[in-house]
Amino acid sequence: MLDIKYIRENEVEVSERLSTRGGEFDISQVLNLDKKRRDLLKEVEALKERRNKVSTEVGELKKEKKDAKDLIAEMGLVSGKIKEFDKEISTLEEDLKALMLSLPNLPHESVPVGSDESANKVERVVGTEPVFDFEPKDHIELGETLGIIDFERAGKLSGARFSLMLGAGAMLERALINFMLDIHTQEHGYTEALPPFLVKSDSFFGTGQLPKFEEDLFKIEGLDHYLVPTAEVPVTNIHREEIIDEAELTKAYAAYTPCFRKEAGSYGKDVKGLIRLHQFSKVELVKLTTPENSYEELEKLTTNAEEILKRLGLHYQVVTLSSGDMGFSAAKTYDIEVWLPGQKTFREISSCSNFEDFQARRASIRFRKKGEKTRFVHTINGSGLAVGRTLVAILENYQEEDGSVIIPEALRPYTGGLEKIEKK
RNA sequence: GGAGAGGUGGCCGAGCGGUUGAAGGCAGCUGCCUGCUAAGCAGUUGUAGGGUUUAUGCUCUACCGAGGGUUCGAAUCCCUCCCUCUCCGCCA
């Protein structure tokens with residue numbers, strides 16, 4: 001959520017920056033409601049002041065056994081008016097809040113302006129494309145042939161966009177989760193978190209998935225709970241409605257969760273394979289920090305995510321998303337894209353964003369420096385990494401001509417020493 | 001699932017429907033005192049939203065789990081919901 005005071009004082013600028021995201025955003029309506037609200041507040045608060053004063057007087061008169069009929073009668077009217085005003089104000093506030101919740105974050109000044117991904121900017125390319133002296137297969141064929149991914153039976157169990165990992169496939173996924181968590185917690189200083197996978201709606205408003213993107217979420221029937229689409233939701237909300245001592249910042253968490261997404265509107269895209277599933281594993285990195293440090297922390301977090309790819313010897317590039325390609329809540333986003341020989345293209349494997357105070361304002365996560373006013377923290381998060389897609393990258397990049405797959409050396413302590421996955 | 005108890009400020013803990021943003025204690029901060037520390041004394045210490053001010057500030061309103069209601073007036077009465085704790089049952 002944006003700062004209403006900032007909008008008030010910088011109408012033109014806010015309007016211009018929002019317009020770079022594509023779509024129309026009506027700031028004047030916001031300001032209109034805000035003005036009305038403040039006008040009404042002034043009136044009702046004057047009435048309330050009067051009521052408070054008179055009510056005290058009534059109390060005193062009664063104590064002295066004096067007559068207070070007239071005052072009580074007058075206050076009956078005043079109270080009625082107050083009720084009407086309050087009602088009007090709360091309607092206004094609801095409308096205003098709904099509008100405010102629907103406005104996306106302002107892009108940071110360093111974000112390339114453009115309407116879609118064609119304006120994205122490649123920051124760096126790391127490693128080189130692996131060379132094969134045969135035609136590399138995609139992970140679907142590799143996984144099925146090796147008997148480590150069973151898409152057909154996954155369909156029987158759960159339908160399209162689900163996976164069933166077996167044998168070395170299941171172990172590889174588990175190994176990757178542990179590998180990632182160990183590096184982030186032991187070497188990068190993150191605190192491990194294992195949050196609930198079912199979370200209530202308040203938290204989804206906090207991080208920005210609600211109210212706008214409900215169609216992407218799995219809701220539990222009869223409850224206020226949703227399945228987490230990313231650990232970002234529970235982990236960022238750990239400190240919802242808290243005031244954190246500045247000395248405790250930066251807080252950094254690493255969390256594994258399965259992620260559940262409806263993938264509405266992606267019909268026909270990546271229908272096969274592990275790329276786009278209703279359920280996938282992800283290790284997420286989340287930071288809460290001060291406004292002064294947030295952009296530096298975004299760089300660090302992105303580097304932390306990249307480290308996993310480096311250790312696995314995977315070729316990737318880092319891209320800054322353009323204003324039109326960024327997610328709703330982000331002020332700046334780096335996508336990390338890994339090279340997939342089976343598709344001969346880079347695919348997103350991590351998305352690292354600084355949300356500035358956009359989520360913190362929604363979730364009311366604040367901090368206090370001694371002797372200063374409370375301020376909203378800045379929140380940052382990124383995948384570190386998407387586990388399923390990492391598995392895809394390993395299968396496709398480390399395949400041999402006979403369809404077997406070499407396990408990257410860094411991962412072998414986690415695979416019980418297994419060096420190669422072969423067809424049985 | 002059954003039975004009971006309870007949710008008040010950073011923490012503990014009072015609170016008759018009226019001057020209570022909230023006694024008292026602890027912790028914190030600021031002075032005084034003191035060779036230093038401790039003790040002692042005095043003062044001070046919440047959040048949000050308005051208004052006003054160049055600013056420190058001043059002022060108003062709201063907030064005692066959440067939301068409704070009764071009343072001139074509610075932390076205090078009524079209703080609904082949420083959460084926590086204890087006992088029993090069940091269970092990984």
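**Notes on the predicted protein–RNA model**

1. Start with His139. A polar atom of the His139 side chain lies 2.8 Å from the backbone nitrogen of Leu274. A polar contact is a pair of N or O atoms within 3.5 Å; within protein, one atom must be able to donate a hydrogen and the other to accept it, and residues adjacent in sequence count only if both atoms are side-chain atoms. His139 sits in helix H5, residues 139-146. Helices (H or I, at least four residues) and strands (E, at least two) are DSSP runs, numbered from the N terminus.

2. Is His139 buried or exposed? His139 is buried, at 1% relative accessible area. Buried means under 20% relative accessible area, exposed over 50%, and partly exposed in between (1.4 Å probe, protein chains only). Leaving out residues up to four places away in sequence, His139 touches Ile149, Gly273, Leu274, Ile275, Val392, Leu395 and Glu396. Contact here means heavy atoms within 4.5 Å.

3. A word on the basis. This is a predicted model, in which local features need pLDDT of at least 70, side-chain atom pairs count only at pLDDT 80 or more, and totals for chains, interfaces and linings use all residues. Residues are numbered from 1 along each chain as its sequence is written, chains are lettered from A and ligands numbered from 1 in the order in which they are written, and side-chain values use heavy atoms, with hydrogens and water left out.

4. Now the RNA. Which residues come nearest to RNA strand B? Of the 25 residues around RNA strand B, they are Arg8, Ser55, Lys63, Ser79 and Arg368. Sugar and phosphate make up 70% of the atoms of RNA strand B that come within 4 Å of the protein. A residue is near a molecule or strand if one of its heavy atoms lies within 4 Å of it.

5. Look at single atom pairs. The side chain of Ser79 has an N or O atom 2.7 Å from a phosphate oxygen of RNA strand B. For Asn52, a side-chain N or O atom is 3.2 Å from a phosphate oxygen of RNA strand B. Arg37 places a polar side-chain atom 2.8 Å from a sugar or linking oxygen of RNA strand B.

6. Which elements give two or more residues to the surface near RNA strand B? They are helix H1 (4-9), helix H3 (27-63), helix H4 (69-102) and strand S11 (365-368). H3 gives the largest share, 15 residues. By class, the surface near RNA strand B has 14 charged, seven polar and four nonpolar residues. Ala, Val, Leu, Ile, Met, Phe, Trp, Tyr, Cys and Pro count as nonpolar, Asp, Glu, Lys and Arg as charged, and the others, Gly among them, as polar.

7. Next, the largest pocket. Its volume is about 1,600 Å³. It is lined by 49 residues, and Arg261, Arg276, Gly327, Glu348 and Ser351 are the closest to its centre. On a 1 Å grid over the protein atoms alone, a pocket is an open set of points where a 1.4 Å probe fits, with protein on both sides within 12 Å along at least five of seven lines; lining residues have an atom within 4 Å of a point. Grid points are joined across faces, edges and corners, and a volume is the space filled by probe spheres set on the points.

8. Elements that each supply at least two residues of this lining are strands S7 (279-289), S9 (332-340), S10 (345-356) and S13 (378-386), and helix H12 (387-397). S10 gives the most, eight residues. The lining divides into 16 nonpolar, 17 polar and 16 charged residues.

9. Thr379 lies in strand S13. Thr379 counts as buried, at 1% relative accessibility. Its side chain makes a polar contact of 2.7 Å with the side chain of Gln359. Thr379 and Asp357 are 22 residues apart along the chain, and their C-alpha atoms are separated by 6.7 Å.

10. Check the backbone too. The peptide bond from Gly384 to Leu385 is cis, with omega near 10°, and Leu385 is found in S13. Another cis peptide bond joins Leu249 and Thr250, with omega about 5°. Lys344 is not glycine, yet its phi is positive, near 50°. Lys344 lies in the loop between S9 and S10 and is partly exposed, at 49% relative accessible area.
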